[in-house]
Structure formats: structure tokens, C-alpha cells
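This report looks at how two parts of one chain meet. Please view the structure below before reading on.

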Amino acid sequence: MRKRVAFLGLATLALAGAIAARATPPPQIVDYPLIVGNDLPRLLSDFDFFVDARAQAPNIGVVPYRLNMPLFSDGADKLRFVYLPPDGKAVASNPDEVLDLPVGSALIKTFAFGEGKQRRLIETRVLLHRADGWLALPYKWNAEQTEARLALAGARLPLTTPSGEEISYRIPNKNQCKECHGVDDAVVPIGPKARNLSKAFLGDMVASGTLDAVPAQAGSIPLWEDRKTADVTASARGYLDVNCAHCHRPGATASNSGLDLRWEQQDRMAIGVMKRPVAAGRGSGGFDFDVVPGRPQESILLHRMRVNEPGVAMPELGKATVDAEGVALIERWILEIGP
């Protein structure tokens with residue numbers, strides 16, 4: 001417990017500096033009863049996750065983190081935070097799944113486009129761990145960038161991506177959140193797995209008493225910015241794990257495809273190599289196999305990544321543009337796969 005207090009103290013000191021620099025009001029305590037209660041707060045500010053929401057300056061106990069390999073969402077910048085309950089219960093490590101965050105935890109992810117003063121906050125997705133399971137709630141930012149309001153029905157809004165494309169960006173509705181976060185009919189987080197978090201970050205959590213151990217797999221997925229120099233297989237498998245495996249895995253919404261694109265899956269057929277699609281329809285593009293070694297131009301997996309056409313494009317949600325860098329990475333991987 002003493003270590004946990006020390007960790008929070010360090011976070012508080014760092015936060016205090018940010019607060020002083022921005023001359024914002026003093027921090028308030030995160031509204032923990034709202035996290036574990038039954039209400040659906042209408043406003044993001046109701047939680048008090050931030051002392052300066054527009055600047056995304058976190059409140060005491062709200063810790064920023066990054067993933068080695070982020071999920072592509074039309075090029076949006078993502079600001080991630082985790083809040084742990086004040087009762088001092090430690091997070092349980094898990095070698096292959098998401099860290100086992102205790103009831104009372106919250107994961108906060110803000111999607112933004114642009115940089116500096118031109119940065120525009122689009123939406124903040126909140127995952128609340130309540131006694132009956134995880135609850136996913138989307139919040140849409142207003143034009144003034146002063147508040148984000150609960151958007152149970154989702155929303156669409158026009159914006160320009162970092163690559164210069166004009167798109168109709170979609171904020172998923174509450175039920176669509178389940179399509180990516182659903183495993184065995186339960187809502188689960190999909191991001192903070194040990195293999196996609198740095199050993200240093202997890203080590204700090206252990207030192208502070210907020211995590212029981214650093215799994216051996218910690219940090220295994222290469223950093224996205226190192227994709228051109230890192231091992232291509234590791235980078236590609238990490239990309240597929242982060243961008244595809246939340247649906248293409250046992251128990252998830254696309255499990256009937258027979259594809260299992262999780263990082264730990266070692267069976268070549270399961271990850272698509274010379275595997276015939278179950279029911280791709282026109283999504284197959286006329287090709288016969290999900291992944292053809294050495295022939296990316298004949299691989300259904302890459303074909304579906306390259307297009308935006310509804311019913312063909314993959315992933316089905318959170319994509320209005322083609323991830324050109326992701327396509328290039330998977331193409332390199334398929335070229336290097338041996339027979």
C-alpha cells in the first residue's frame with residue numbers, strides 16, 4: 001500500500017507541474033461512485049477524470065499510458081489513461097489477455113485530429129469496470145472543445161484526416177462498442193495487454209504496488225514507429241493482433257471466420273496461410289486464400305485492407321480510410337512468408 005501511495009505521489013507531483021504551467025483550477029477527486037454506480041453520466045466532466053479536459057491533463061490517480069502498437073482509426077491521435085480504484089487492490093498480470101483491472105477501474109481514450117492549437121478532440125470512449133462487468137460509453141466533444149456529451153446513439157461528423165482525406169468520421173454507438181469489445185458475450189477491454197505495454201511502464205506499476213508482476217511477454221510487440229526496422233513478422237503479427245484479433249479470435253464476433261489472428265497463435269492455417277475463407281462472398285475479391293505466401297496481390301486479407309467499400313473493407317468498424325502504412329507492413333510480411 002505504501003508503494004502505491006508513493007506511485008500516486010509521483011503522479012501527483014508530475015500533475016502539479018502541469019497544472020501550475022497551465023494555471024488551471026486545483027484538481028478535484030475523481031468521482032469514484034459514478035464509475036461503480038448504475039448511472040450513465042451525461043457529461044464526461046461528471047467523472048472529473050481531467051483537471052483540464054481540453055488539454056487532456058489528468059486528475060490525481062488518472063495515469064497516462066501508451067501502447068507499443070496502436071489500433072489504426074483513420075489516423076486519429078489517441079490519448080489513453082487508466083484510473084484504478086482507491087482501495088489499493090492490485091492489478092493482476094495476465095500473459096496473453098488484457099491486464100485484469102479490478103472493479104472500480106476506468107479506461108479513458110480520447111480521439112483527436114490535428115496538432116498543437118489546431119488539435120480537435122473528437123470523442124472520448126470510457127470503459128468502466130462495474131460489479132456486473134465492463135460498460136463502454138462514448139462521449140462526443142462539442143465544437144467549443146469545452147465538454148464531451150454522452151452519445152449513446154453514436155454520431156457522424158466531417159473531418160480531414162492527417163493524410164488529407166475528407167471523411168465522414170463515425171463515433172460508434174453503445175451497441176457497436178460491443179462488436180469490438182465482445183468476447184463470450186461479455187464486454188472486455190482490448191488494448192492494455194502486457195505484450196503491448198512497455199516493461200518500464202509495467203515495472204513502475206509493480207514498484208508502486210498496483211500490479212502483481214511483470215509478465216515475461218511484456219513489451220514483445222514492436223513499437224509502431226520501429227516497424228520499418230524491426231522484425232517484419234513480429235511487427236506484422238503485432239499489427240494483426242491489435243487491429244484484427246479482437247474480432248478474429250475464439251469467442252469474438254468474427255470467430256466463425258475461422259481466423260485467429262492473436263499474437264500467440266502459431267498455427268499457420270489459423271492465421272490464414274493457405275486457408276480458404278468460410279464465407280467471404282464478394283469480400284474475397286475472387287481470390288481463394290486468406291494469405292498466400294509470397295503473393296500479397298492474391299491474398300484476401302490484404303485485399304480487404306486495401307479497400308473502403310462497405311461489405312468488403314476490413315475492419316468493418318472504425319475505418320473510413322485505408323491504413324496505407326499498415327497495408328505496406330502486411331504486404332512485406334506476406335512477401336517474406338515461406339512456403
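## A salt bridge

Arg66 and Glu225 form a salt bridge, with their closest N and O atoms 3.1 Å apart. A salt bridge here is a side-chain nitrogen of Lys or Arg within 4 Å of a carboxyl oxygen of Asp or Glu.

The model is predicted: local features need pLDDT of at least 70, side-chain atom pairs count only at pLDDT 80 or more, and totals for chains, interfaces and linings use all residues. Residues are numbered from 1 along each chain as its sequence is written, and side-chain values use heavy atoms, leaving out hydrogens and water.

## Two domains

The chain is assigned domain 1 (28-221) and domain 2 (222-338); such bounds come from an automatic or database domain assignment. Taken over C-alpha atoms, the domain centres are 25 Å apart.

## The interface

Across the interface of domain 1 and domain 2, four salt bridges are found. In contact (heavy atoms within 4.5 Å) are 28 residues of domain 1 and 28 residues of domain 2.

The two domains bury about 2400 Å² between them, and carbon and sulfur atoms give 55% of this area. Buried area is the accessible area (1.4 Å probe) that two parts lose on being put together, summed over both. On the domain 1 side, Met69, Phe72 and Ile221 lose the most area to domain 2, together 26% of what that side buries.
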